[in-house]
Amino acid sequence: MRQHRTVILPSLVTIFLCSLLLSASFVTFGGVTKALSAEKNLYTVEAFLPDGVSEDSVASIRNRLEHFKRIDEVSFVSADSALADFRNHFSGEMLDLVEGNPIPAFFRVTLDKENQNPADLADVRNALANEGLFDEVQAPIEWVEKIAAWKFRMIFWPICVSVLLLITLSLIICNSVRLSLMSRKLLVENMKYAGGSHFFIEFPFVLQGVIQGFVGSSLAVILLLAIVRAVADALPIVAANLGGLGMILASVILLVTGLSGYFSFRTVRGFLTIKRNEQE
C-alpha cells in the first residue's frame, strides 16, 4: 500500500467523502423516521373547558365526545395536571407573573388511525368548536399539513442519495483495485505462473480494500459524530433525539468495509478469470 500510495490515497479520500455523505444521509433518514413515527401524536384536538364546570358536566361531555365519529380516544386533563405538565416542560418563571392557575382543564381527543389526515383533523376541530361547550379548541393543523406535503420527499431523497452513494462507492473501490492490479500486473502473473492459489493472490488485494473501506468510513463517522455532538450541544431538541445514532454510524462502517472487501474480491477474481481464459 505504501508503494502504491499515489493510487490508494485518492481513492481513500473519495471513500472518506462518500462515507461522510452516506453517514449524513443515513442519519437524516433516521431522523425523518423518528419524526414520522411521532406524527400520529399530532392528530389530537385539545378542547379547553370554561371555569367552574362540575364533575357531572365533565362526565356528560366526555360521554358525548366518545360517540363522535373519527375519534379513537378521549382523555380528560384536570387543571392541576395541566399545570404540573407545563412546569415539567417549561420554565416556571412565566407562571410566576400571574396569580393562581391560568391553565384550564381540557379534553384531549385523538383521531383513529383510519382518519389521521389533515382534512379529518380540521373537521373534528370545527365540529368540537361548533358544540359551544368549550372556550377554545386547538389542533396542530398547519404542522400536520406540512408533514403530509413533505412526507414523500422526506423519505425518497435520503433513500435515493444513499443508493447513489453506495453505487459510487462500489465503482470507486472497483477502480482502485483495478488500478492496483494494473500497476502490479507482472507480479500477479508471476505469482500465478509460480503456482499461487487464488486465495494467495486475492488476499492482499481484498485486505487492501477492507483497510481502505474501514479507514475511510471510520474517519467520516468520527467527523460526522463530532458535528452532530456540536449541534446537539447548541440545540437541546437534537440532543433529545440522538437515540440509535451509534447503531446507524456503526452500520455505515460495516457496510462500507464489507462493500470494499466484496468488490475487491470480485475485481481480482474477474482479473484472474480473464487471465485463465486467455491461457486456454
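Predicted model: local features only at pLDDT ≥ 70, side-chain atom pairs only at ≥ 80, totals over all residues.

Let me begin with the aromatic rings. In total, the count comes to five aromatic pairs. One of them joins Phe 156 to Trp 157, in an edge-to-face arrangement, with 5.0 Å from centre to centre and 75 degrees between the planes. How accessible are these two residues? Phe 156 has a relative accessible area of 35%, so it counts as partly exposed. Trp 157 is also partly exposed, because its relative accessibility is 48%. Tyr 262 and Phe 263 form another edge-to-face pair, with the ring centres 5.1 Å apart and the planes at 75 degrees. Tyr 262 is partly exposed as well, since its relative accessible area is 41%.

I turn now to the strands. Strand β3 covers residues 106-111, and five of its six residues are buried. Which strands pair with β3? Strand β1, residues 44-48, runs antiparallel to β3 and is joined to it by five bridges. Strand β2, residues 71-77, also pairs with β3 in the antiparallel sense, over six bridges.

Next, the surface. Which residues form a nonpolar patch there? The patch consists of Phe 199, Phe 203, Leu 207, Ile 211, Phe 214, Val 215, Leu 219 and Ile 222, and together they have about 760 Å² of accessible area. Phe 203 lies in helix α7, which spans residues 198-234. With a relative accessibility of 43%, Phe 203 counts as partly exposed, because that value falls between the 20% and 50% cut-offs.

Finally, the cysteines. How many disulfides does a search of the whole structure find? The search finds zero. Is Cys 18 buried or exposed? Cys 18 is buried, because its relative accessibility is 8%, which is under the 20% limit. Cys 160, by contrast, has a relative accessible area of 23% and is therefore partly exposed.

Thank you for your attention.

Notes:
Residues numbered from 1 in each chain as written. Heavy atoms only, no water. Disulfide = S-S within 2.5 Å. Buried < 20%, exposed > 50% of the residue type's maximum accessible area, 1.4 Å probe, protein only. Patch = residues over 30% accessible without salt bridge, like charges linked within 9 Å, V, L, I, M, F, W, Y side chains within 5 Å. Areas by Shrake-Rupley, 256 points an atom, 1.4 Å probe, with all protein chains shown as cover. Salt bridge = Lys/Arg side-chain N within 4 Å of Asp/Glu carboxyl O. Helix = DSSP H or I, 4+ residues; strand = E, 2+ residues; numbered from the N terminus. Pairing = 2+ DSSP bridges. Phe/Tyr/Trp six-rings, centres within 6.5 Å; stacked < 30°, edge-to-face > 60°.
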